[in-house]
Amino acid sequence: MEESLQLQIQRFEQLPSPTEFASQLESKNVPAVFNGCIKDWKAFVKWNPANGGLDHLQERVGSSTVEAMLSKTAPVFYGDIRSHERVQLPFSTFIDFCKQSMRNTDSSGGSLLQSERHHDAVTDVDQESMLSGDVPQQIYLAQVPIMNSEDRERVQLEGLREDIQTPAFLETKELASINLWMNNAQSRSSTHYDPHHNVLCVVAGSKQVVLWPPSASPFLYPMPVYGEASNHSSIALENPDFSLYPRAKCSMDYSQKVILHAGDALFIPEGWFHQVDSDDLTIAVNFWWRSNIMSNMLEHMDAYYLRRILRRLMDKEMNQVLPKASHGTEKLKSTCELLSNGADHGCCDLNPACKKQGLQGKDLKLHELEPFSLQALHELVSVVHDRVNITDQSQCIQSTPPNDSKVSVKHECDKTLTSKLFFLEDDPVAKILWTFDPSTLQNVLLAMAHNFPRTLEALILHLLSPVGAEVLTRKFDEVDQHTTEDDRNKFYQGFYGAFDDQFAAMDAILNGKELFALQAFKDSLDKFLGVNIDVPKPSIR
């Protein structure tokens, strides 16, 4: 909710200064509408189809050859090159299509006048077929260059430059390109984002624009990052397949909608997904420029930024499963050091000082546990025993270690089962651990270590799922935050002392935690990059 409030589209009746635009909008990547922004353009009057604007355009640049989109899915135009053709035609031919559409709208009907026919050669498309049937309605002029700073040879309509002017708040920007967008029938563009900042100006007609912030990309299923249309959504606009794209059902919850009329302009920050609906005859111009972030990003830093961003996305994915973020690995490192320095490898034998502090002495006696801790211990031990072979079912919980040694683990079956658990609601062990406060966690684990060491060993070495390992390390973090260093050391010595091989226990926890992170990493690649691949599992030492 906080993010959505921060990203609300702003509206301006008066244009901001270049400084205000840069500090209040551009730097925050927030969209904005500027009402009446371009009404002082020559184009606002001269290009108006209702006032002979089509004749003006035809006279000014009619002889220019432009590249148009030809799509059989019209009125929807998808960015994927497999769904449309790029065809060359004289700009005047497209203007003729627009005039014909206006006459049809006026119910005058009839075919094109002979004087309006043009016999210029048209690459890839037969001229006569374009002037008949549905083809004119399948044509859309998209991103036709009026100015291009990187490739002047691509500029096709430079003659229109004098009819438009750069909005005042962009005067300090180094523009990458200025483009014409024009349709002669209702059209829809597929949902996509641009790699540049964008100001879209409507000269004639109107457009409806639906916008999503980059953070909503998981709900829009972007095409694979390695594809030709990686900036486009995979979801069809006409009949979205929610069985294939289930998250798309929620996509509109993250969207904002604006309607632009002639004279209005819209700032679309880089990375913002947008889907545009245009009226029957709409003319627009847009300005693209590189953001400061992209302009100042040093190439030799790309790998570092990629790793940092992927890590941040992965952490976000993990926190959607477990709300509180913590990593819980430092205590494993410190415990390794304690064990290497001679920590007790058997069950914890308390010295008088420990008993006086009450950290571990209290935990060793079941009858001294608080009711909640005792119940939690019972539930945790019961879950473990449900998953292992028990020699004597009547002795599920005993107060002495020997009976606990009868627990034998079904290694392959249970490890295969738990290794696939990545969600809290799917793992009863993780759900129990998640409810523990630091004190309860210490009481329960130390009671298990002293009274049921083989059950604890079975839990950690064979039944701890990836989500369970993540929960346990986060709970270790909470213990670290709420106890003294001396108490922490005694707790970890007591806990790991229950294992014949303490380092195997640490490996089991770390391997489970890394599997959980790996799944989050794979989910992030799928949601944000459209990449669904098998990533090698962490090596087991």
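Trainee: Which side chain meets that of Asp-486 in a salt bridge?

Mentor: This is a predicted model in which local features need pLDDT of at least 70, side-chain atom pairs count only at pLDDT 80 or more, and totals for chains, interfaces and linings use all residues. Residues are numbered from 1 along each chain as its sequence is written, and side-chain values use heavy atoms, leaving out hydrogens and water. A salt bridge here is a side-chain nitrogen of Lys or Arg within 4 Å of a carboxyl oxygen of Asp or Glu. At 2.8 Å, N to O, the side chain that meets Asp-486 is that of Lys-490.

Trainee: Which helix holds both Asp-486 and Lys-490?

Mentor: Helices (H or I, at least four residues) and strands (E, at least two) are DSSP runs, numbered from the N terminus. Asp-486 and Lys-490 are four residues apart, about one turn of the helix. That helix covers residues 485-496 and is H18.

Trainee: Is Lys-490 buried or exposed?

Mentor: Buried means under 20% relative accessible area, exposed over 50%, and partly exposed in between (1.4 Å probe, protein chains only). Lys-490 has a relative accessible area of 13%, so it is buried.

Trainee: How many salt bridges does a search of the whole structure find?

Mentor: Side chains of opposite charge can pair when their charged atoms come close. Arg-60, Glu-162 and Asp-163 are linked in a network of such salt bridges. The search of the whole structure gives a number of salt bridges of 15.

Trainee: Why is helix H16 largely enclosed by the rest of the structure, and how many of its residues are buried?

Mentor: H16 runs over residues 453-463. Its buried residues include Pro-453, Glu-457, His-462 and Leu-463. H16 is largely enclosed because, of its 11 residues, the number buried is nine.

Trainee: What separates the C-alpha atoms of Leu-377 and Thr-440?

Mentor: Leu-377 sits in helix H11 (residues 371-386). Leu-377 counts as buried because its relative accessibility is 3%. Leu-377 and Thr-440 are 63 residues apart along the chain, and their C-alpha atoms are separated by 9.4 Å.

Trainee: What is the phi of Tyr-221?

Mentor: Most residues other than glycine have a negative phi. Gln-143, in strand E6 (residues 139-148), has a positive phi near 60°. Tyr-221 lies in the loop between strand E10 (206-212) and strand E11 (256-261), and it is buried at a relative accessible area of 10%. Although Tyr-221 is not a glycine, its phi is positive, at about 50°.
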